[in-house]
Amino acid sequence: MSNIQQGDILLEVHGLTVEVQRRKILDGLDLVVRAGEVHAIMGPNGAGKSTLSQVLAGRPDYEVKAGTARYCGEDLLALPAEERARRGLFLGFQYPVEIPGVNNVYLLKAALNARRHHQGLPEVDAFEFLTMIRDKMKLMQMDESFLSRGVNEGFSGGEKKRNEILQMMVLEPTLAILDETDSGLDIDALKVVAHGVNSLRRADRAVVLVTHYQRLLDYIVPDQVHVLAHGKILKSGDRSLALELEKRGYDWVRAEGAAA
Amino acid sequence: MSASPQATSPLAGLATALPGLPGGAAWAEWRRSALERLLAAGFPTPRDEPWKYVNTRLLGRRDLAPAPPRPLPTDSLAAAPAPAALFPRFVFVDGRFNAALSHPLGSGELPLSRFGERLEASTPGSLALPLAGDPQDVDERIRTLNACLAADGPVIVVPAGSRIATHLHVVHLATGGGAYPRTQIIVGAGSALNVVETHLSLGDAEAFVAAATDIRLGESANLTHTSLQIHGARSVLFDDVAVSVAANARYQHRLAALGGQLGRVDLRVALEAPGARAELAGLIFADGGREQHVRTLVEHRAGRTQSDQLYRGVAAERGRGSYDGRVVVHPGAAKTESRQSSRNLLLGRDAAFESRPQLEINADDVKCSHGATTGTLDEQMLFYLLTRGLERDTAKALLTYAFVRDVLRRVQPASVERAAEQRVLGRLPAAELLKEFVA
């Protein structure tokens, strides 16, 4: 299907510096994500986690002042948001947007067809599509009524997050960035979401989990854990780093960073 | 004060149109005197507060004389919603009943008669619903103009305790020149009625329609009044509706006003007794060089009355629109509840929309709220759709469509909702990109 091999570099960010409303949020951030890997980016509130997610997805009002980001060998920052999506980059929003009047299923189908069009595949068959959605909804334990509702319209916080994961499962992205997908979820919903993410893990794909808490990482085991603070990655390690952060908080990393 | 000299007033010369209208000598005299007072008062201008957004200069050279009967093209009702088979349909062409286009299907027992007949059988003062007040009051001028020149229109009187299951469909077709349909609806105590009204004009016709409607709901009566207005780009439509709602009765107005060269809906609702409710919702759509204005006045004259207004406006290209909504809570009308929501979308730099919700509260212990926003498409929604791979143009068209859907889905029955939606879709920028999203 794809010619991406395990270990290929999917995302390479170097010296990324971003301003939001003239305030420097990211300040020389480096990150490399390879095919087959799951990365967790952790950090205190206000560290720039969401900014990183949104800027990688192409949010236009976030201004890149310096640095580069390459995705599958291409200059990511030169591509508009919709082109990034079509090339298989997916952002799961921390606060998914409600769009009354736009049907969930129609949006999903249009999104999938946009992706397939880019891959040179024909449009998805309407019947097969509905069957596929129903299967994945079952996996996400979502109610049938979802099919007839507007995008995230009147959804609870948990339903919105499940919907993000459902979209991800339908679109089968090469690189999924999930921005605080775990926030506001109870333990059962967290397991459902984790199950969805784990079902996507494959040698030719990668997942970046942006999270504040270690809790999600009990269910989705990361290959690498990074601490984001002061606009850059201050420390990287394996899963044990997440556990240590849970025990000791973030201050010691910041102190180390300041000393370095 | 409007003091347009008679010589240049759009009203000048209308006196010659008075002879030949239905009704006896007493009506003729009533009209002559009413027109005289209207001429003295003048046509409304933007200097009159409730007309401040309306470009009445457009009327300068317009022919307001009632249109003479003329042959119709065969497909003249093509734009009307709903297969005729679904509804009994009553068609008025330039304000006169047209039997050939009407389908009074299964309407044998329908409580419908014609205003023209009522005029012949009545004298001024003997009608259940008065036609107009004093044109010194700017709010009475369109009604007075209509009263002077109205020859016909539907009169629906539902006796107490009856339920009309079907939707009554009234179509007003304008072919050019003046048209003055008068509609009167009385719904008796405990009765329910659904009326769907469509205002159309023929292609490029330079029509001028001043329609007036009088509505009275008895205790616990229920009226759903749907109005679809799709006039051509050179046509003018003034639609003036006055409603009186008795205790525990409910009036619902659903509007899809898609503009002509100039369109204005003036909706005045009086909640007369405890438990009376009004629910007003509508789409105000102005594209090309069109203007579409909506003005509402809801008066809470008794306690425990409720009103809810939800209007969505879209102005595209050089379109101009407005929503001017005033709620008055009279002294002693405690426990009144009132909500007003006006959200408007500007598509294009030269488009304009004015929104002015106003509240005048003269009583204690009331719950009133209002909100208005006017702006371009929501950037967060747009970004969300882009991150799902949608083309920017498609995403924009989709958000515009969604904005419109949000109010059109309140329009009943579904066939009228679809008709309104099709018409709007046909005029949205890049609507052809929406094929995948529209059922």
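Trainee: Leaving aside neighbours within four places in sequence, which residues is B:G218 in contact with?
Mentor: B:A160, B:V187, B:G188, B:A189, B:A246 and B:A249. Contact here means C-beta atoms, placed from the backbone, within 7 Å. This is a predicted model, where local features need pLDDT of at least 70, side-chain atom pairs count only at pLDDT 80 or more, and totals for chains, interfaces and linings use all residues. Residues are numbered from 1 along each chain as its sequence is written, with chains lettered from A and ligands numbered from 1 in the order written.

Trainee: Is B:G218 buried or exposed?
Mentor: Buried, because 21 other C-beta atoms lie within 10 Å. The cut-offs are 20 or more for buried, 12 or fewer for exposed, and partly exposed in between, with C-beta atoms placed from the backbone.

Trainee: And where does B:G218 lie?
Mentor: In the loop between β9 (207-217) and β10 (222-230) of chain B. Strands are DSSP E runs of at least two residues, helices H or I runs of at least four, numbered from the N terminus.

Trainee: Switching topic. How many residues of chain A are in contact with chain B?
Mentor: 21, against 19 residues of chain B. On chain A, α3 gives the largest share, seven residues.

Trainee: What pLDDT does chain B average?
Mentor: 91, with 95% of the residues at 70 or above. pLDDT is the predictor's confidence in each residue, from 0 to 100. Residues 1-7 of chain B fall below 50.

Terms used
Contact = placed C-beta atoms within 7 Å.
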